[in-house]
Amino acid sequence: MHDPHPARRFGLPTATALVMGNIIGGGIFLLPASVAPYGTVSLLAFVVLTVGAVALALVFGRLAERDPRTGGPYVHARAAFGDFAGFLSAWSYWTMTWVSNAALAVAAVGYVHVLAPGHQSKGVDLAVALLALWLPALANLAGTRWVGAVQIVSTVLKFVPLLFVAVAGLFFFDPHNLGPFNAGGGSAVGGLSAAAAILLYSYVGVESASMSAGEVRDPERNVGRASVLGTVGAAVVYLVGTLSVFGTVAHRDLVNSTAPFSDAVDAMFGGTWGGTLIALAAVVSIVGALNGWILMSAQAPYAAARDGLFPAAFAAKRRGVPTFGVLVGTALASLLTVVNYTSGSDGVFETLVLITTFSATVPYLLAAGAQVHFLLTGRRDEVRPGRFARDLLLALLGFGFSFWLVAGAGYAAVYQGTLFLFAGVLVHVLMAARRAVGRTGPAAPAETARADGAPPAGGSAAGSAA
């Protein structure tokens, strides 16, 4: 049916804000304290990780030039390796988004406590967490116009205070506060790897423009540009912000800090107003991240549903947004949030959050692998040798970065994430059976191969890979 309220497609600024806003969530406000025990070698880890993240962003841009459809990693994995790989990519990405959205909502409650101190009940905390989920969900349901507006505003509002601390901190910078280069002891390479393991997931979200490629204007050009600009912008905030905090807060204090950016503001200007400023920026940052991630939670199942790999209801769109996917993803995140506050135990919630650290990497590995596949199996005479070598190098760097993400997740995350990933195999089987019944009819006899060895009518020897 014709939509009387057509969607407004994302321009380059909005697509860039989507990438940057999804990369920068609430974790940045604790990062300096998290890596301080390893010393300033963690700044070098940031640089190394940024190179890998930019390489992956460029890979997504190249893939969008080939196929600029909504679904990003899923679309490319399915095109290269078939339905099953595509489903695993979509399933893994979908579960990662709504579980991590619940974690973001819970994180927002802690910063709200700083803004509104006093006795807080579990009921009030739950209400705040659910509000943090459903307000961005309502913006999504209003259409891509509102998604883009909220994303730009929230990105600016969180970028400004972070940039303020980063730039102002350079004027109060004291090298004596930095502490040792390798504070953890042992080899510098070991310290670099340990710091990188903590920082790795700071760049999850680099695929955001690719995931929404169908809603981006001129995606063949803008997806790659937005991915790189958003990733580099986030990297600048991360690196300069961490450097400024390192230089304004004494290392011995930073190691034990629970609010490093707030401590940095207090050290620069005195008083205690820094905590309120940073807490407000953190709430805005998390709500903005939720705005983008709620859209991401609907895009992967939407793309898979178009191909019959997810239930058809996920393919419904209104004002450019897969509304059913938004509702289901937000409802599942809300259910997990309720469980977190009512179960009396954090074990289940922490386990699910741990699973997301592995689930985020599966689509990256498959997408980078798809690019290698396309390059090595394509017509070499249609690709300039210089560009072929460059694109292959970027794809291998992107694959290596994704593989590093898997290694950084830890044994428990990989083990539990693999079990959760394989649980989706049953869903794939059910959907495949439903498609088969739809093609043949419940009473139709089984197809047999023709005597000459050709595939049955309507089929293909290569299967259903796009």
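Reader: Which residues make the nonpolar surface patch of about 850 Å²?
Author: The model is predicted, so local features need pLDDT of at least 70 and side-chain atom pairs count only at pLDDT 80 or more, while totals for chains, interfaces and linings use all residues. Residues are numbered from 1 along each chain as its sequence is written, and side-chain values use heavy atoms, leaving out hydrogens and water. A patch takes residues with over 30% relative accessible area and no salt bridge, joining like charges within 9 Å and nonpolar side chains (Val, Leu, Ile, Met, Phe, Trp, Tyr) within 5 Å; accessible areas come from the Shrake-Rupley method with a 1.4 Å probe, and for residues only the protein chains shown count as cover. Here the patch is made by Leu163, Phe164, Val167, Leu170, Phe171, Phe172, Leu243, Phe269 and Trp273.

Reader: Which helix gives the largest share of that nonpolar patch?
Author: Helices (H or I, at least four residues) and strands (E, at least two) are DSSP runs, numbered from the N terminus. The largest share of the patch is five residues, and they come from helix H7 (residues 144-171).

Reader: Is Trp273 exposed, buried or partly exposed?
Author: Trp273 is one of the patch residues and lies in helix H13 (residues 273-306). Buried means under 20% relative accessible area, exposed over 50%, and partly exposed in between (1.4 Å probe, protein chains only). The relative accessible area of Trp273 is 40%, so this residue is partly exposed.

Reader: Stepping back, how many helices are in the chain?
Author: Of the 466 residues in the chain, 52% are buried, and the accessible surface comes to about 19600 Å², with 68% of it belonging to carbon and sulfur atoms. As for secondary structure, there are zero strands, and the number of helices is 18.

Reader: How many residues of H1 are buried?
Author: Helix H1 (residues 12-23) should span 16 Å at 1.5 Å a residue, and its end C-alpha atoms are 17 Å apart, which agrees; the expected span is 1.5 Å times one less than the number of residues. Contact means heavy atoms within 4.5 Å, and what covers the buried residues of H1 includes H7, helix H9 (208-211), helix H10 (219-248) and H13. Among those buried residues are Leu12, Met20 and Asn22. H1 is mostly covered, and of its 12 residues the buried ones number 11.

Reader: Which helices do the buried residues of H4 pack against?
Author: Seven of the nine residues of helix H4 (residues 73-81) are buried, so this helix is largely enclosed by the rest of the structure. The buried residues include Tyr74, His76 and Arg78. Their packing partners are H3, helix H5 (83-115), H9, H13 and helix H16 (361-377).

Reader: What arc do the buried residues of H8 fall within?
Author: Helix H8 (residues 188-199) reaches 16 Å from its first C-alpha to its last, close to the 16 Å expected. Its buried residues, Gly191, Leu192, Ala195, Ala196 and Leu199, pack against helix H2 (31-35), helix H3 (41-66) and helix H17 (385-409). An α-helix has 3.6 residues a turn, so residues three or four places apart point the same way. In H8 the buried residues line one face of the helix, because, seen down the axis (by directions from the axis to the C-beta atoms), they fall within an arc of 130°.

Reader: How many residues apart in sequence are the parts that Glu65 and Arg387 tie together?
Author: A salt bridge is a side-chain nitrogen of Lys or Arg within 4 Å of a carboxyl oxygen of Asp or Glu, and by this rule the count comes to 10. Glu65 lies in helix H3 and Arg387 in helix H17, so the parts tied together are apart in sequence by 322 residues.

Reader: And which residues do salt bridges with shared partners join into one network?
Author: Asp83 and Arg78 form a salt bridge with their closest N and O atoms 2.7 Å apart, and both residues are buried. Where salt bridges share partners, the network joins Arg62, Glu65, Arg387, Arg390 and Asp391.

Reader: Where does Asp218 lie?
Author: Asp218 is not a glycine, yet it has a positive phi of about 50°. Its relative accessible area of 35% makes it partly exposed. Asp218 lies in the loop between H9 and H10.
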